[in-house]
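Hi everyone, thanks for coming along. I'd like to walk you through one model today, so let's get it up on the screen.

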Amino acid sequence: MKRSFSLLLSMIVIISLFLAACSTKTDSGSKNENQKENTGKEAVSSEPRQGGNLILAHTASPTLFNPYFSTGGPDGTIEALLFSGLVTIDREFSAVGNLAEKWDVSDDDKTYTFHLRKGVKWHDGEDFTADDVVFSYNIPLHPDYTGPRKLPFENVKEIKKMDDYTVSISLTEPYAPFITITAQFEILPEHILGDVPMKELGTHEFNTKKPIGTGPFKFEEWKDGQYIKLVAFDDYYEGRPYLDSFTFKMVPDANALMAQLQAGDISYSGISAEQLPTAKTLEEKGIIKLTSGPSNSWDFIGYNLRNPLFQDKKVRHALTHAIAKQKIIDAVHNGESTIAHGPGSPANWSFNPDMPKFDYDPDTAKKLLEEAGWKLGADKIYEKDGKKFEFTLTTTNGYGSWAKIAEIVQQQWKEVGVKVNIKVLEWSAFYEEIGPPNWKFDAVVTGWSIGSDPDPTWFWHTSEIENGLNWFGYSNPEVDKLLEINTSIVDQEERKALIQKSDAIVAEDQPYSFLYYPNGTIAHSPKLHGPKYSTANSFFEIHKWWMEE
């Protein structure tokens, strides 16, 4: 007997806490039937209308638009508007249909049969079929694939086309996040990319100049360093978006972003914690509306464990003990974040509130360094075997608070005898330098956002070091074993216990100095209808967003 799931319609979107949106032109127009049926779901001052240009400002630039090779948040934001997956998630983390109308799951949880939506068009007018699914989901399985997305497909045994609109995917063993992670990966056009050699797919011009998808917006133009413009796709299967266009605009920094918001040039924006007081003032003046909640992310300082300097756990404990996390939160986030002691997020069902803690204690930090063989030199910097305890802390100016955090931590570490140099890179250079195959860093200030399933395998499993997201080279056989078991268990409470145990071990090992769990806040114009803050999916059903005149 099979379990069958009937599904709602929606589109894939990715949360970004640092995005902004702005309206310009608005034109009257007709509404499609699907849009008419949903106008009563929100209390608005007038009927939805067609027209408007939504401009999202970001301090980081995208690099490419191919979900099997991209890694940065800005890339994913654009990809979610251009492409569609088999499923997506709603604002409550529930899986709902996208290119698949429904799916069946075998009793042993090892075979998924997807019934695809008919009549879906690619942006070039070609029909979407099962061939596109088979092609796309075989990309991470190809022996020449070197992208970062192998993990969600590791248990895939076979992807079989049953007919033009039915696909069967069989697994070697149950994989709990299959629907909420694997089936969310966007589908690429087989008729365009099917003959491209795998070794060339990650650098193909499709990824930057000619992306073709099935999403609500289609690619029009990319002015490097300035903006990326998408326009409404008239033949989108859920109906043409109300908005005429979507522009992703690059701005130099958070101050410039806020200035545009204050001037009324931006109609939607993620608000960083350091800018929240200004945003609240704008809300009091009626210029914007604010909504907020816990984010599904965590920020940290990660250590390159390939570097002998960080291979002693006592050293990593010492570095964490030397960081006054609450001072960072107060100085940079206006007290709007929560101290982190380990991975995960309090917003997530698998979060462990009882992980080992390494609270601010400079004396303990010095003691641990001395136990690890370091001696304080005449210049008040620790040294060992003739070498100073000195390294470079790298971060990006793509997110304003990280560079400021680096400066604060530099001073705090100096107070316990550790010398730190700061290196700040623009967004794309940052991820190129610290990610595979380069790993050119000592330590970095950065952050991770957890996806629609809390599986931490991406960050901690040894298999993710070479081409995955375990850029810091962390490896613990006990953690590997727990993570391997966790994804094969369907029962959520059993998985929770395994993930919490794994997270506690990671926290004890301290491959990162876990800093804080940020809150999320979005600002939008009172004239923009549709945005709602959501830890799961803030841009849910963006094709239904609309702008008043």
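Let's start at alanine 57, whose bridge partner in strand 12 is lysine 249. Strand 3 and strand 12 pair in the parallel sense, over 6 bridges; pairing here takes at least two DSSP bridges between two strands. Before I go on: this is a predicted model, where local features need pLDDT of at least 70 and side-chain atom pairs count only at pLDDT 80 or more, while totals for chains, interfaces and linings use all residues. Residues are numbered from 1 along each chain as its sequence is written, and side-chain values use heavy atoms, with hydrogens and water left out. Helices (H or I, at least four residues) and strands (E, at least two) are DSSP runs, numbered from the N terminus.

Now, what covers the buried residues of helix 2? The cover includes strand 3, strand 10, strand 11 and strand 12, and also helix 12 (427–434); contact means heavy atoms within 4.5 Å. Helix 2 spans residues 73–82, and because 9 of its 10 residues are buried, the rest of the structure largely encloses it. Buried means under 20% relative accessible area, with a 1.4 Å probe and protein chains only. Among those buried residues are Pro74, Asp75, Glu79 and Leu82.

On to two helix pairs. The axes of helix 8 (residues 313–321) and helix 10 (residues 362–371) come within 8 Å and cross at roughly 160°. Axes are lines fitted to C-alpha atoms, for helices over the stretch in contact, and angles run from 0 to 180 degrees between N-to-C directions. Helix 8 and helix 10 are therefore roughly antiparallel, a label for angles over 145 degrees. In this contact, helix 8 brings residues including His317 and His321, and helix 10 brings residues including Leu368 and Glu371.

Helix 6 (residues 254–262) and helix 7 (residues 276–284) pack at about 5°, with axes 11 Å apart. That is why they count as roughly parallel, the class for angles under 35 degrees. Met258, Leu261 and Gln262 of helix 6 meet Thr278, Ala279 and Leu282 of helix 7.

That's my tour, so over to you for questions!

Technical notes
Buried < 20%, exposed > 50% of the residue type's maximum accessible area, 1.4 Å probe, protein only. Parallel < 35°, antiparallel > 145°, perpendicular 65-115°, else oblique.
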